[in-house]
Amino acid sequence: PAESAATGGGTGRSSSSTGVSVADLRGADVPAPGGTRRQYVLTAQTTTVRLPSGREIHAWTYNGQVPGPPITATEGDLIEVTLRNTDIDDGVTVHWHGYDVACGEDGVPGVTQDVVAPGEEFVYRFRAEQVGTYWYHTHQASHRAVRRGLYGTLVVTPRGEQIDEAGASVEQVDLTLPVHTFDGTVVIADQDGRTDHTAPAGTPVRLRLINTDSGPHRFALAGTPFRVAAVDGRDLHQPGEVSDTGLRLPAGGRHDLVFVMPDTPVALVLDNDHAGGLRLRPDDRAGTVGADTAVEDTSGWPVLDLLRYGTPAAVPFDARSRADRHFTMVLDRGVAMVDGRPTYAQTVNGRGHPSIPDQLVAEGDLVRFTVLNRSLETHPWHLHGHPVLILARNGTPSSGSPLWVDTFDVSPGEVWEVAFRATNPGIWMNHCHNLPHADQGMMLRLCYD
Ligand code: C2O
Ligand code: CU
């Protein structure tokens, strides 16, 4: 299929029906009072990169590193990123996955901006108003470009977080851990490629897990009880402590795990590989590191059901009230007419991108999606620009904390109900985050009229 179309490779930018160009819907260009301006330059370039295993790969990178430079800010700061392209012939952009920026900052080539070709640049500006764990990646030919390395992490911390009631700074260990598969090898490591860490016993620890792959990963945290503090960057309401419990992280998704460092080692096991993963060992104040011990077998642990985890709380709309717009998306694959030609495609309601009708909403609408998977593959469904509230899976309503996500995994045969308020005008991609599926047609647009 037309790869350039499926991943937004067009050159003409889109306009809404009122004729306003979405490229003109730009973010704030000054920090909030008290915030600072955080400036970054991301230079897209081909680079040979050494993985933690020692293996060298031919990668596509931001600034010669995989992941790209970590982007961090404090709530209220202005994030200003200058993207340049040295030699990525496909062209590049930066999409802020899960971050609800103004549409003109969303990084979708052919829709919110022109693709950045070699020798060109584009400046993104937005205020860090959402606290939490996010990531960024190119949205051009993303099925190959993200796999090859054009991604990085985005973490925004609350203002004043490091200060306790007495005004003293609270020490904590905070690790941002993107997971990525290179040529069949799954890597979880911090920005410097480290998989071995230490923390003084008694220290609060936060692990920010980010799935940058196109399929789900299973995690298990062995050696300590823990809480899932946040999902897709948004805090859960009163999440309880769990142990001997696995986690399933959808493609594109994030989980923040928190616990207090015990005086024994902790292991983060990824996809039941008990030799790999990440190790955290206690040390004493003199820096003497305790010994590692064998990791218990976590493969039989049940997977946490996030729809029943945490405590219910109020949400800004009545989830049972009638939606202003209700869209049903049936996910399947087969031969569909795409651009007037019969094409084998990943389909939504029997059609492939760009032949799937736009979903039209008005500002302020309560929008509901019913997503039904008739295929034999999992589809991690992702909407740009808006977190969605999970209402139900297979007819069973969510009964735990309100669960706001930007990506939810629709397994074969499942039906999901989600809702959101349309409060961010523009044109937004709505697609499967298995990026090859998006490339093969499973992508449409949600447009404000
Ligand atoms: Cu993380 Cu449209 O993407
Ligand atoms: Cu899919």
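Here are some exercises with worked solutions on the predicted model shown above.

**Exercise 1. Overall form**

Task: Find out how the radius of gyration of the chain fits with that of a compact globule.

Solution: 
- Step 1. Start with the length, which is 449 residues.
- Step 2. For that length, a compact globule would have a radius of gyration near 22 Å.
- Step 3. The chain has 21 Å, so the two values agree.
- Step 4. Now look inside: 47% of the 449 residues count as buried.
- Step 5. Finally, turn to contacts with a separation of 6 or more: 75% of them join residues 24 or more positions apart.

**Exercise 2. Strands, helices and the annotated spans**

Task: Count the helices and strands of the chain, then describe the spans that UniProt marks as "domain: Plastocyanin-like".

Solution: 
- Step 1. The chain contains three helices and 31 strands.
- Step 2. The UniProt record, an unreviewed entry, places the feature at residues 45-159 and 349-446.
- Step 3. Residues 45-159 are 42% strand and 3% helix, and 34 Å lie between the end C-alpha atoms.
- Step 4. Residues 349-446 are 48% strand and 5% helix, with the end C-alpha atoms 15 Å apart.

**Exercise 3. Domains and a shared contact**

Task: Name the domains in the domain assignment, and work out which strand gives the largest share of the side of domain 1 that touches domain 2.

Solution: 
- Step 1. The assignment gives domain 1 (3-157), domain 2 (173-304) and domain 3 (325-448).
- Step 2. Taken over C-alpha atoms, the centres of domain 1 and domain 2 are 27 Å apart.
- Step 3. Where these two domains touch, domain 1 contributes 17 residues and domain 2 contributes 20 residues.
- Step 4. On the domain 1 side, β7 and β8 each supply at least two residues.
- Step 5. The largest share of that side is four residues, and it comes from β7.
- Step 6. By type, the residues on the domain 1 side are 10 nonpolar, seven polar and no charged.

**Exercise 4. A closer look at strand β7**

Task: Decide whether β7 is enclosed or open to the outside, and find its partner strands.

Solution: 
- Step 1. Strand β7 covers residues 132-137, and six of the six are buried.
- Step 2. The strand is therefore largely enclosed by the rest of the structure.
- Step 3. One partner is strand β5 (residues 95-97), which pairs with β7 in the antiparallel sense over three bridges. In this pairing, W96 stands opposite Y136 of β7.
- Step 4. Another partner is strand β8 (residues 151-157), again antiparallel, over six bridges. Here Y134 stands opposite L154 of β8.

**Exercise 5. Backbone details in loops**

Task: Locate two cis peptide bonds and two residues other than glycine with positive phi.

Solution: 
- Step 1. V66 and P67 are joined by a cis peptide bond with omega of about -10 degrees. P67 sits in the loop between β2 (56-62) and β3 (71-74).
- Step 2. From H353 to P354 the peptide bond is also cis, with omega near 5 degrees. The loop between β21 (341-348) and β22 (359-361) holds P354.
- Step 3. N349 belongs to the loop between β21 and β22, and its phi is positive, about 50 degrees. With 15 C-beta neighbours inside 10 Å, N349 counts as partly exposed.
- Step 4. D183 has a phi near 45 degrees and lies in the loop between β9 (173-182) and β10 (185-188). This residue is exposed, because 8 other C-beta atoms lie within 10 Å and the cut-off for exposed is 12 or fewer.

Notes. Residues are numbered from 1 along each chain as its sequence is written. Chains are lettered from A and ligands numbered from 1 in the order in which they are written. This is a predicted model: local features need pLDDT of at least 70, side-chain atom pairs count only at pLDDT 80 or more; totals for chains, interfaces and linings use all residues. UniProt positions are given in the numbering used here, feature names are shortened, and annotations may be inferred rather than shown by experiment. The radius of gyration is taken over C-alpha atoms; the globule rule is 2.2 Å times the number of residues to the power 0.38. A residue is buried if 20 or more other C-beta atoms lie within 10 Å of its own, exposed if 12 or fewer, and partly exposed in between; C-beta atoms are placed from the backbone. Two residues are in contact if their C-beta atoms, placed from the backbone, lie within 7 Å. Two strands pair if DSSP finds at least two bridges between them. Domain bounds come from an automatic or database domain assignment. Ala, Val, Leu, Ile, Met, Phe, Trp, Tyr, Cys and Pro count as nonpolar, Asp, Glu, Lys and Arg as charged, and the others, Gly among them, as polar.
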